Structure formats: C-alpha cells, structure tokens
Amino acid sequence: MVRALGRRARVASAAALLLAVLAGCGNSSSGGGQSGAPLADEPSSSKVNVATAEMVAAKKASKVEACEEGRASDGGLPSIVLPCLGGGESADLASFEGPMVINLFQGFCAPCKEEMPALQSFYETYGDEVPVVGIDVMDTVPGVALEEAISRGVTFPMYADPGGELQGGPLTARAVPATYVLSSSGEVELLQMGGMTSAAQVKELVEKKLGIEL
C-alpha cells in the first residue's frame with residue numbers, strides 16, 4: 001500500500017509527524033507496493049525552506065549530485081521551476097528530457113525510504129541510459145527527506161515541491177511513493193505507485209513502460 005496525500009495546507013511540522021505515523025491507506029499498482037501511512041496536507045511553499053544552512057552542509061558533505069537544468073526546450077513536462085533540495089540550481093521541469101525516471105517521495109514515508117536503495121542501484125547501473133531524479137513533494141520537513149536519502153546512499157539529484165505545484169498535472173502525487181517515467185517523446189506514465197524493492201524490479205517496469213531494453 002501507499003501513503004495517501006491530502007489537498008490543503010497544514011503548516012505545523014508536529015501535525016506532519018503525527019500524520020506520518022498513522023495507519024496506512026490506498027492501494028498499490030503496477031507490481032505491488034509496500035505499506036505506508038497518510039501524509040501531511042499541502043503546505044505553503046513560502047513557509048518551507050528547502051535549503052537551510054544545515055541541509056546545505058549535509059548535502060555538501062554527501063555524494064548527492066548537483067541539480068541542473070535540462071537541455072530540452074519542451075521535453076513534455078509542464079513548465080514548473082522547482083528548487084533543488086538542499087540547495088543548488090533550480091530547474092524548469094520542461095527542460096527535462098526522456099527517458100527519465102521521476103520519483104516522488106517524502107521524508108516520513110516509510111515505503112519511500114525502503115525503496116531508495118532500489119532506485120539508487122538502478123541509477124548506478126542504468127543512469128547513463130535512464131537518469132533518475134527525486135522530488136520531495138508537499139513536505140513541511142524537507143530536511144528529514146534529505147537526511148533519509150543521504151543515509152540510504154542516494155546520489156541522484158533531488159528537487160522539492162513544498163507547495164504542491166505538481167498537483168493536477170502529469171506528475172500528480174495522489175500518494176507516495178509514486179514513480180513516473182518520461183519517454184523520449186515527452187509522454188509521462190505512472191511507473192509504480194508504492195515502493196519498489198530491487199533494481200531488477202525498477203528495470204523490468206521501465207523496460208515495459210518505455211518499450212526499451214536495458
């Protein structure tokens with residue numbers, strides 16, 4: 001199962017933590033997911049700092065790669081500029097080119113954390129052919145998301161969407177973790193809703209959705 005997302009703002013971090021440990025709800029798709037719990041509702045982006053001094057220092061000391069603008073003028077995603085999680089260059093989603101794997105997550109999401117090693121392993125093996133990026137979505141405590149990712153060896157670039165700018169578009173997060181694929185022709189498809197457990201599973205789903213062989 002996956003962790004269902006709300007629609008309106010709660011600005012208190014304590015509420016975010018409380019909601020993160022409640023009982024799970026929702027169903028997985030495209031191969032089965034792991035259990036999770038409800039998440040905090042959509043915060044105001046102006047009240048969430050995704051690059052505090054502590055986050056910047058932690059990222060600098062890690063192996064997480066720098067965020068950078070893509071090369072496309074219109075790669076298929078909407079034109080939404082997202083800040084880099086932990087500091088760095090912001091990027092317009094419309095500049096991203098497929099094929100690409102896009103993972104939506106949150107710091108207090110247990111299945112999100114559990115699948116990070118699988119995504120990282122896939123990235124290390126196939127990232128030259130199919131890059132991976134992460135987006136910390138609608139999160140009042142992005143520092144936790146960065147810390148959890150670093151502790152699990154994540155090195156692929158990560159962005160942040162604290163205000164829910166993606167909601168209503170092709171990368172809508174009805175629950176997390178949610179992983180999408182962007183094809184080379186600019187089409188977006190849901191790869192998996194619910195945690196993935198191995199690089200082999202990620203590879204199998206990517207090949208099936210994109211019609212490629214890795």
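Let's start with P111, which is buried, with a relative accessible area of 0%. Buried here means under 20% relative accessible area, exposed means over 50%, and partly exposed lies in between, using a 1.4 Å probe and protein chains only. P111 sits in helix α3. The C-alpha atoms of P111 and V176 are 65 residues apart along the chain, yet separated by 8.1 Å.

Before going on, keep in mind that this is a predicted model, where local features need pLDDT of at least 70, side-chain atom pairs count only at pLDDT 80 or more, and totals for chains, interfaces and linings use all residues. Residues are numbered from 1 along each chain as its sequence is written, and side-chain values use heavy atoms, with hydrogens and water left out.

Now step back to the whole protein. There are five helices and nine strands, and along the sequence they follow the pattern β-α-α-β-β-β-α-β-α-β-β-β-β-α. Helices (H or I, at least four residues) and strands (E, at least two) are DSSP runs, numbered from the N terminus. Of the 214 residues in the protein, 54% are buried. Contact means heavy atoms within 4.5 Å. Among the contacts with a separation of 6 or more, 71% join residues 24 or more positions apart.

What lies inside? In soluble globular proteins, nonpolar side chains tend to be buried together. In this model, the largest nonpolar core has 54 residues, and those with the most contacts inside it are L93, F96, L104, F122, I135, M158 and V206. A nonpolar core is a set of buried Ala, Val, Leu, Ile, Met, Phe, Trp, Tyr and Cys residues joined through side-chain atoms within 4.5 Å. The elements giving two or more residues to this core are β4 (100–105), α3 (110–126), β5 (132–137), α4 (142–151), β6 (158–161), β8 (178–182) and α5 (199–210). Helix α3 provides the largest share of the core, seven residues.

Leaving aside neighbours within four places in sequence, L104 is in contact with I135, V137, L166, L171, T172, A173, V176, P177, A178 and Y180. L104 and M158 are 54 residues apart in sequence and 9.7 Å apart in space, C-alpha to C-alpha.

Next, see how the helices pack. α3 and α5 meet at an angle of about 65 degrees, with their axes 8 Å apart. Axes are lines fitted to C-alpha atoms, for helices over the stretch in contact, and angles run from 0 to 180 degrees between N-to-C directions. The two helices α3 and α5 are therefore roughly perpendicular to each other. For the wording, angles under 35 degrees count as roughly parallel, over 145 as roughly antiparallel, 65 to 115 as roughly perpendicular, and the rest as oblique. On the α3 side the contact uses A118, L119, S121, F122 and Y126, while α5 brings A199, V202, K203 and V206. By class, this contact of α3 with α5 has seven nonpolar, one polar and one charged residues. Ala, Val, Leu, Ile, Met, Phe, Trp, Tyr, Cys and Pro count as nonpolar, Asp, Glu, Lys and Arg as charged, and the others, Gly among them, as polar.

The axes of helix α2 (residues 53–60) and α4 come within 10 Å and cross at roughly 15 degrees. That makes α2 roughly parallel to α4. Here the contact is made by M55, A58 and K59 of α2 and P142, G143, L146 and I150 of α4. The buried residues of α4 are P142, V144, A145, L146, E148 and A149, and they pack against α2, β4, α3, β5 and β6.

Finally, look at the backbone. Most residues other than glycine have a negative phi, and most peptide bonds are trans. M138, in the loop between β5 and α4, has a positive phi of about 45 degrees although it is not a glycine. M138 is also buried, with a relative accessible area of 0%. Two peptide bonds to look up are cis, with omega near 0 degrees: one runs from G98 to P99, and another from V176 to P177. P99 lies in the loop between β3 (91–92) and β4, while P177 is in the loop between β7 (175–176) and β8.
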